Amino acid sequence: MDIDTKIDMIESGTLEIISHDELKEKLQKESPVAYIGYEPSGKVHLGHAITIKKMIDLQKAGFKVKILLADLHAYLNGKGTLEEIKEISDYMQKCFLAFGLTKETEFILGSSFQTDKDYTLKVYELALSTTLTRARRSMAQITRDKEDHKVAEVIYPIMQVIDMLFLDTDVAVGGMEQRKIHMLARENLPKMGTSSPVIIHTPLLHGTDGGEKMSSSKENFIAIDDAPEVITKKIKNSFCPAGEVEGNPIIEIAKHFIYDNKDTLIIERPPKFGGNLELSYDELLKLYNDGKLHPLDLKNAVANDLIKILEPVRDYFKNEN
């Protein structure tokens with residue numbers, strides 16, 4: 001695969017890359033490193049899957065993929081005891097492998113290096129040059145639903161920047177809520193003797209309730225290991241306003257998971273309601289936007305395809321047991 005083909009694959013489905021020229025340079029390295037961090041909390045859902053799909057692309061492009069299972073970050077963010085978080089970390093690793101990351105993926109528990117002396121000193125070093133306002137602003141999108149803010153919230157982004165230093169990061173991936181932390185890293189890591197990582201941002205998936213972000217804590221998610229009947233029920237009950245495309249989670253699921261794998265979606269309908277349809281993504285948007293496709297027909301089609309797409313994950317866990 002040549003560099004241009006790799007770049008096209010990496011760019012597909014992203015919101016922004018900072019910067020494209022730097023990405024090309026990174027691809028010319030012998031073994032570049034792509035990193036993403038996840039707080040181990042709750043179920044692995046479709047929101048996670050969007051970023052994992054991008055890590056799979058980077059793996060195919062020749063990157064060594066490092067997945068940080070950020071147990072201490074989760075602890076600082078009030079996601080449970082360290083014992084509970086460790087159990088979820090093990091589950092997340094299995095989910096990511098089941099979804100398609102290769103066995104060469106390096107899974108790293110944050111606490112395996114984040115209490116080392118050298119790491120702690122680097123955290124202190126960055127803390128000295130980071131204003132309280134900047135640190136809080138970096139966390140604004142991540143902790144926006146909290147009313148009683150903790151000191152831990154300003155430690156969190158500083159640790160995340162130092163994670164990139166210690167994991168030899170060439171490319172950092174995340175949703176747009178991570179943007180301010182990523183920019184903090186790009187600004188400060190060169191001052192600490194290393195190059196800035198390329199930043200890749202992927203879309204955030206709306207919750208099944210229409211909320212701004214799919215989240216296990218809000219119970220507005222579809223887990224990648226959900227049973228078929230659970231997927232069907234969750235999609236049937238999802239927010240899907242007739243004639244509205246923007247912010248519609250069912251449209252988003254179709255875009256990111258179904259049309260990513262094939263060109264058309266089959267809508268099965270009785271003859272008295274117009275019969276079956278085979279729609280490209282653009283045709284789907286137009287028909288739905290014009291009010292000519294019923295939300296339930298769209299939901300049924302998306303549920304059927306999503307169940308098939310996630311079958312390998314369910315099989316993986318069946319074989320585990």
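Is Asn188 buried or exposed? I looked this up to open the notebook.

**Entry 1: Asn188**

Asn188 counts as buried, because its relative accessibility is 4%. Here buried means under 20% relative accessible area, exposed means over 50%, and partly exposed lies in between, with a 1.4 Å probe and protein chains only. I noted that this is a predicted model, where local features need pLDDT of at least 70, side-chain atom pairs count only at pLDDT 80 or more, and totals for chains, interfaces and linings use all residues. Residues are numbered from 1 along each chain as its sequence is written, and side-chain values use heavy atoms, with hydrogens and water left out.

Next I placed Asn188 in helix 9, residues 179-188. Helices (H or I, at least four residues) and strands (E, at least two) are DSSP runs, numbered from the N terminus. The Asn188 side chain reaches the backbone oxygen of Leu184 at 2.9 Å. I then left aside neighbours within four places in sequence and found Asn188 in contact with Leu126 and Ser129. Contact means heavy atoms within 4.5 Å.

**Entry 2: the cores**

I looked up the largest nonpolar core and found 67 residues. A nonpolar core is a set of buried Ala, Val, Leu, Ile, Met, Phe, Trp, Tyr and Cys residues joined through side-chain atoms within 4.5 Å. Leu46, Ile67, Phe96 and Leu298 have the most contacts inside the largest core. Helix 3 gives the most to this core, with 7 residues. A second, separate core has 23 residues, among them Leu184 and Met192.

Which residues does Phe96 contact, leaving aside its neighbours within four places in sequence? I listed Tyr38, Val44, Ile52, Ile67, Leu69, Leu101 and Phe107.

**Entry 3: Val44**

Val44 was on that list, and I followed it up. Val44 sits in the loop between strand 2 (33-38) and helix 3. It counts as buried, because its relative accessibility is 1%. Beyond four places in sequence, the contacts of Val44 include Tyr91, Met92, Cys95 and Ala223. I also checked Val44 against Ile88: they are 44 residues apart in sequence and 9.4 Å apart in space, C-alpha to C-alpha.

**Entry 4: the second largest pocket**

How many residues line the second largest pocket? I read 21, with Lys53, Asp57, His256, Asp260 and Asn261 nearest its centre. On a 1 Å grid over the protein atoms alone, a pocket is an open set of points where a 1.4 Å probe fits, with protein on both sides within 12 Å along at least five of seven lines; lining residues have an atom within 4 Å of a point.

The volume of this pocket is about 520 Å³. That volume is the space filled by probe spheres set on the points, which are joined across faces, edges and corners. Helix 3 gives the most to the lining, with 6 residues. Helix 5 (82-99) is one of the helices that supply at least two.

I found a cis peptide bond from Ile18 to Ser19, with omega near -5°. Ser19 is in the loop between strand 1 (16-18) and helix 2 (20-27).

Asp168 has a positive phi, near 55°, and is not a glycine. I placed Asp168 in the loop between helix 8 (152-166) and strand 5 (171-175). Asp168 is exposed, because its relative accessible area is 53%.

Glu219 also has a positive phi, about 60°, and is not a glycine. Its loop runs between strand 6 (198-202) and helix 10 (228-236). Glu219 is exposed, with a relative accessible area of 62%.

Terms used: A polar contact is a pair of N or O atoms within 3.5 Å; within protein, one must be able to donate a hydrogen and the other to accept it, and residues adjacent in sequence count only if both atoms are side-chain atoms.
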